[in-house]
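Student: I've got a new structure open and I'd like a quick tour. Can you walk me through it?

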Amino acid sequence: FQLVGVIALGSRNGSALIVVDGKPAKPFRVGERLADDLMLQAVNNRSVTLATDRNSKEGITLALPPVPGAQ
């Protein structure tokens, strides 16, 4: 999985552009499944959390690369 972009409207409302299995990036909304066992659980300004369900305490965080020149 590779995070390409994020639209965050609060952690539980938004979407992300994610590459799955090397295929072209697709948009996913919070709550939507990327794979049978993984969904987009939450979004932040520069990262997302993938988990098995919306209430899972454990997940995978994907982050956008740093912006050159930003601090």
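Student: What secondary structure does the protein have?
Tutor: The protein has 0 helices and 7 strands. Keep in mind that this is a predicted model.

Student: In what order do the elements run from the N terminus?
Tutor: The order is β-β-β-β-β-β-β.

Student: What does the C-alpha trace span?
Tutor: Along its principal axes, the trace spans about 35 × 25 × 20 Å.

Student: And how many of the residues count as buried?
Tutor: Of the 71 residues, 35% do.

Student: How many charged side chains, positive and negative?
Tutor: There are 8 positive and 6 negative side chains. The centres of the two sets lie 9 Å apart.

Student: Back to contacts. What share join residues at least 24 apart?
Tutor: Take the contacts between residues at least 6 apart in sequence: 28% of them join residues at least 24 apart.

Student: Let's pick a residue. Where is S15?
Tutor: S15 sits in strand β2, which covers residues 14-19.

Student: Is S15 buried or exposed?
Tutor: Buried. Its relative accessibility is 18%, and the cut-off for buried is under 20%, so S15 qualifies.

Student: Which residues does S15 touch?
Tutor: Leaving out residues up to four places away in sequence, S15 touches V6, I7, F28, R29, L40 and V43.

Student: Now D53. Where is that one found?
Tutor: D53 is in a loop. The loop lies between β6 (47-51) and β7 (60-63).

Student: How accessible is D53?
Tutor: D53 has a relative accessible area of 32%.

Student: What does the side chain of D53 reach?
Tutor: The D53 side chain reaches the backbone nitrogen of S56, at 2.8 Å.

Student: L40 came up with S15. How far is L40 from D53?
Tutor: They are 13 residues apart in sequence. In space, the C-alpha to C-alpha distance is 8.4 Å. L40 is also one of the residues that S15 touches.

Definitions and conventions: Residues numbered from 1 in each chain as written. Predicted model: local features only at pLDDT ≥ 70, side-chain atom pairs only at ≥ 80, totals over all residues. Heavy atoms only, no water. Helix = DSSP H or I, 4+ residues; strand = E, 2+ residues; numbered from the N terminus. Buried < 20%, exposed > 50% of the residue type's maximum accessible area, 1.4 Å probe, protein only. Contact = heavy atoms within 4.5 Å. Lys, Arg positive; Asp, Glu negative; His and termini not counted. Charge placed at Lys NZ, Arg CZ, Asp CG, Glu CD. Polar contact = N/O pair within 3.5 Å; in protein donor to acceptor, adjacent residues only side chain to side chain.
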